[in-house]
Amino acid sequence: MTQQIVHFTETASQTGGPYVHIGLAPHQAGFEIFANQFGNVLTKPATKGERIRLEGRVIDGSGTPVRDALLEIWQANAAGKYNHPGDSQAKDIDPTFRGWGRTGCDFDTGEYFFETIKPGAVAGREGKTQAPHIALIVFARGINMGLHTRVYFEDEAAANEADPVLRGIEWEVRRKTLIARRELRNGEVVYRFDIVLRGENETVFFDI
Amino acid sequence: MAIQRYSEFAQRDTDAHAPARTPIYKTSILRSPDNALISNAQSLTEITGPSFRPEEFGPLDNDLIRNFAKDGLPIGERIVVHGFVRDEFGRPVPNALVEVWQANASGRYRHKKDQYLGSLDPNFGGCGRMLTDENGHYVYRTIKPGPYPWRNRVNEWRPAHIHYSLQGDGWVQRLITQMYFEGDTLIPDCPILKTIPTEEQRRGLIALQDRGNFIEADSRAYRFDITLRGRRGSFFENKIV
């Protein structure tokens, strides 16, 4: 008899369902319970970097906004460093910036937003450099496994052109679905990023 | 040759999960991508993830029996749910964020969009959260949720279940799932559970009655272990940066 490699299979994913807010955003479900809630404001007053608002909607295959989606983002700080011991770059962690936030889409309009900072460029594999980007995951009723995507920035055209992940998308026409549009609104920098789950201009989703 | 501590994670076994488009679960039809997912080699973005500190949590955050109690205890079966969070290579995942949410004993959710006539319980909120300890162990206390009806087919009923959200050490480990209870006769009929392609993986979502951990004259117990993706060894070149 040969010996066996012990390997366990990842627990199967299931949909977050329509009431995902109860557990992950109870205030939005309609009640107060935890003294310290996780939310969509990633910045503190001392956080370094350019303040931005990231906003948009999630759209289904009929063009209808998904009003019960829950979104989370994960990003580097203004210097392009993740607040995690696995980030081996010689850059400083910003102790006031965890780099993570979550929010639900509005039940009426379907709009979501985060208040954060624009991340710096992060090292890519084998000596390459990644363009500034934010990792984003979508959970909702009807979505059996969280959908991973990335948000890039319209005003980083040269860096986007060289980005190894964008270049890895064989269909150039699909790369633009990951570029957020920049606008100035009452002096605030806003990046607009709509996520299309299915159909025309479907957003690129990753198996990471 | 030293093993890199923060290396890539093993690839996800997509055959062990539901596909995105599962017509028996009708909502998935318009909410599933047409295109194949694009598989990426992992970078610092994917192998890192948010971390959480014990002081961010309140003393009752993992006690759903008391964390919303106003003028008495909630009505229903008192249970303790516990288990270990490990990676696919069997290593404990310490300091993982575990968040849970559920209906009350009537099968009614405390959510502004739930209109089911099963009654709300004024002393039950239905959410809790905790960090795993250094052994990857988690524990919380709650009321066993009731099954509830939903519109998929007209007379569809969910088995009793508790929703789980997990964030381990890396962004690729992010997982949302649902836990069911051993012996529930609604389990074989549930289209959401049936989206999972294999019997073994469906069984992996069923908590087992844990007789040895019943608390006399107080609570029954269920055991539910969770497996997250694991970091591979990186014995030679480190290609992450």
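**View 1. Polar contacts between chain B and chain A.** The rule finds 50 residue pairs in polar contact across the interface of chain B and chain A, both residues being at pLDDT 80 or more. A polar contact is a pair of N or O atoms within 3.5 Å; within protein, one must be able to donate a hydrogen and the other to accept it, and residues adjacent in sequence count only if both atoms are side-chain atoms. The model is predicted: local features need pLDDT of at least 70, side-chain atom pairs count only at pLDDT 80 or more, and totals for chains, interfaces and linings use all residues. Residues are numbered from 1 along each chain as its sequence is written, chains are lettered from A and ligands numbered from 1 in the order in which they are written, and side-chain values use heavy atoms, without hydrogens and water.

**View 2. Salt bridges across the interface.** Eight salt bridges are found by the rule between chain B and chain A, each a side-chain nitrogen of Lys or Arg within 4 Å of a carboxyl oxygen of Asp or Glu. One of them pairs B:Asp34 with A:Arg198, with 3.0 Å between the closest N and O atoms.

**View 3. Extent of the contact.** Chain B contributes 86 residues and chain A 82 residues, contact meaning heavy atoms within 4.5 Å. About 7,700 Å² is buried between the two chains, 57% of it from carbon and sulfur atoms; buried area is the accessible area (1.4 Å probe) that two parts lose on being put together, summed over both. In chain B, the residues losing the most area to chain A are B:Arg31, B:Ile38 and B:Trp171, together 12% of what that side buries.
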